[in-house]
Structure formats: C-alpha cells, structure tokens
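The sequence and structure come first.

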Amino acid sequence: MKQLIILLAAVLLAACSQETPDERAARMLRDARYALHHHLWNEARDTILSLRRNCPTAIEARRQAILLLDSIEMNAAADSLKLVTGEEWKRLNVKRQFFERKLQEDLKSIHN
C-alpha cells in the first residue's frame, strides 16, 4: 500500500510538472481568487507573489494578478477596519482608499 501511495504521488508530481507557465499561472490565479473569496488574505497574497516569481513569461496572468493583488489588499484593509479603532482605523482606512483608487487606475490603464 505504501508503495502504491508513493507511486501515485510520483505520477501526480510528474503530471504537475507538465504544466506550461501559462497553465501554472492560471491555476495560481484560481487559487488566489479562492483564497480571496474565503478571506484568506495572506494565502491569496502569497499565491500572487509566487506567481510573479515563478511565472515570468505568463504575461496575461501577471496582468490579472496586478488587479487581483489590489483587490486582496483593499479587502484585507477593509476587513481589518472592523477590528480596530482610533489611529489604527485611520491608517487602515487610508490604505483601503489607496488600493481602491489604485484598482480603478489599473483598470483604466488595462482598458486603454
């Protein structure tokens, strides 16, 4: 049984290594969107940073990752606003507003 599990793991690893950079980047985008949807900010952020580091030729996915990372940062800041008050609330609100504006500008530049 143990040998079968090792063999299956080896086959799966080989299959995963057959992904093109574009396929790997698309999978990573899906993973980051899933994490964002489930409010897993650090996981979503780390997935995007990994995509950028490991898929330098996946241009379309990297373009989408820019917008997704803005959304992650904006939502993370908005979520944190619920937990703080005073100066920390002000700081996080400025951060949220910054990423909201950045996302709007990034969308404009992509559509032009």
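## Helices H2 and H4

From H2, Asp22, Ala25, Leu29, Ala32, Arg33 and Leu36 meet Ile59, Ala61, Gln64, Ala65, Leu68, Ser71, Ile72 and Asn75 of H4. Contact means heavy atoms within 4.5 Å; helices (H or I, at least four residues) are DSSP runs numbered from the N terminus. By class, the contact of H2 with H4 has nine nonpolar, three polar and two charged residues. Here Ala, Val, Leu, Ile, Met, Phe, Trp, Tyr, Cys and Pro count as nonpolar, Asp, Glu, Lys and Arg as charged, and the others, Gly among them, as polar.

The axes of H2 and H4 come within 10 Å and cross at roughly 15 degrees, which makes H2 roughly parallel to H4 (angles under 35 degrees). Axes are lines fitted to C-alpha atoms over the stretch in contact, with angles from 0 to 180 degrees between N-to-C directions. The crossing of H2 and H4 is left-handed, meaning that the near helix is turned anticlockwise from the far one by less than a right angle.

## Basis of the model

The model is predicted: local features need pLDDT of at least 70, side-chain atom pairs count only at pLDDT 80 or more, and totals for chains, interfaces and linings use all residues. Residues are numbered from 1 along each chain as its sequence is written, and side-chain values use heavy atoms, with hydrogens and water left out.

## Helices H4 and H5

H4 (residues 59-81) packs against H5 (residues 86-111) at an angle of about 155 degrees, with the axes 8 Å apart. H4 is therefore roughly antiparallel to H5 (over 145 degrees). This crossing of H4 and H5 is also left-handed. The residues of the contact divide into twelve nonpolar, three polar and eight charged.

Leaving aside neighbours within four places in sequence, Asp106 contacts Ile66, Leu67 and Asp70.

## The aromatic pair

The structure holds one aromatic pair (ring centres within 6.5 Å). The rings of Phe98 and Phe99 have centres 5.0 Å apart and planes at 80 degrees, so the pair is edge-to-face (over 60 degrees). Phe98 is partly exposed at 41% relative accessibility, while Phe99 is buried at 14%.

## His39

His39 sits in the loop between H2 (21-37) and H3 (41-54). Most residues other than glycine have a negative phi. His39 is not a glycine, yet has a positive phi of about 60 degrees. His39 is partly exposed, with a relative accessible area of 45%.

Technical notes
Rings of Phe, Tyr and Trp (its six-membered ring) pair if their centres lie within 6.5 Å; planes under 30 degrees apart count as stacked, over 60 as edge-to-face and the rest as tilted. Buried means under 20% relative accessible area, exposed over 50%, partly exposed in between (1.4 Å probe, protein chains only). Helices (H or I, at least four residues) and strands (E, at least two) are DSSP runs, numbered from the N terminus. Angles under 35 degrees count as roughly parallel, over 145 as roughly antiparallel, 65 to 115 as roughly perpendicular and the rest as oblique.
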